[in-house]
Amino acid sequence: RLLANGQVEVNLSQVEEELVRSNSSYNQNRYNQNSINQNSINQNNAVKRQGLNSTVIVPRGQWVSIGQISQNLQNQSSNYGGNSTVNSSNSLPIWLMVQ
């Protein structure tokens, strides 16, 4: 939405959904594969949902940093020579420009 002062109001929406299966449903169906009841499988599943809505006001024609994505990894290995751990971290900014 264009504001009276020339800036722009931007609405951002993010949704993450994940299908989550309960352990009891998984174990029951794992050992009773010949007599799986489809209704019981569906009743024990759930959708885990997480959402975020934000509004930002930005100037037109300029890049604006609105956040970042970060990733942290840790790898461990063992062998005859000993143990080693490697940590790595990456970060990438999120930029927005409205023409």
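Modeller: Helices here are DSSP runs of H or I with at least four residues, strands are DSSP runs of E with at least two, and both are numbered from the N terminus. The model is a predicted one, in which local features need pLDDT of at least 70 and side-chain atom pairs count only at pLDDT 80 or more, while totals for chains, interfaces and linings use all residues. Residues are numbered from 1 along each chain as its sequence is written, and side-chain values use heavy atoms, with hydrogens and water left out.

Colleague: What does the secondary structure of the chain come to, and in which order do the elements run?

Modeller: The chain has two helices and four strands. From the N terminus on, the order is β-α-α-β-β-β.

Colleague: Why is strand 3 said to lie largely in the open?

Modeller: A residue is buried under 20% relative accessible area, exposed over 50%, and partly exposed in between, with a 1.4 Å probe and protein chains only. Strand 3 has 16 residues and the number buried is zero, so it lies largely in the open. In the chain of 99 residues, buried residues make up 9%.

Colleague: Why is serine 89 called exposed, and where is its place?

Modeller: Serine 89 counts as exposed because its relative accessibility is 55%. Its place is in strand 4. Serine 89 and glutamine 74 are 15 residues apart in sequence, with 8.9 Å between them in space, C-alpha to C-alpha.

Colleague: Is methionine 97 buried, partly exposed or exposed, and why?

Modeller: Methionine 97 is partly exposed, because its relative accessible area is 28%. This residue is in the segment after strand 4. Its C-alpha atom is separated by 5.6 Å from that of glutamine 62, which is 35 residues apart from methionine 97 along the chain.

Colleague: What makes arginine 49 and glutamate 17 a salt bridge?

Modeller: The term requires a side-chain nitrogen of Lys or Arg within 4 Å of a carboxyl oxygen of Asp or Glu. The side chains of arginine 49 and glutamate 17 meet at 3.3 Å, N to O, in a salt bridge. This pair links distant parts of the chain, with arginine 49 in strand 2 (residues 45-58) and glutamate 17 in strand 1 (residues 8-21), 32 residues apart. Arginine 49 is exposed because its relative accessible area is 57%, and glutamate 17 is exposed because its value is 53%.

Colleague: How many salt bridges does the rule give?

Modeller: The count is two. Arginine 1 and glutamate 9 also meet in a salt bridge, at 3.2 Å, N to O. Arginine 1 counts as exposed because its relative accessibility is 60%.

Colleague: Which residues form the nonpolar patch on the surface, and what makes a patch?

Modeller: Patches are made of residues with over 30% relative accessible area and no salt bridge; like charges are joined within 9 Å, and nonpolar side chains (Val, Leu, Ile, Met, Phe, Trp, Tyr) within 5 Å. Leu12, Ile66, Ile69, Leu92 and Ile94 form the patch, and together they have about 410 Å² of accessible area. Such areas come from the Shrake-Rupley method with a 1.4 Å probe, and for residues only the protein chains shown count as cover. Strand 3 (64-79) and strand 4 (82-96) each supply at least two residues of the patch. Leucine 92, in strand 4, is exposed because its relative accessible area is 55%.

Colleague: Where does asparagine 11 lie, and why is it called exposed?

Modeller: Asparagine 11 lies in strand 1. With 58% relative accessibility, asparagine 11 is therefore counted as exposed. Asparagine 11 and valine 56 are 45 residues apart in sequence and 6.6 Å apart in space, C-alpha to C-alpha.
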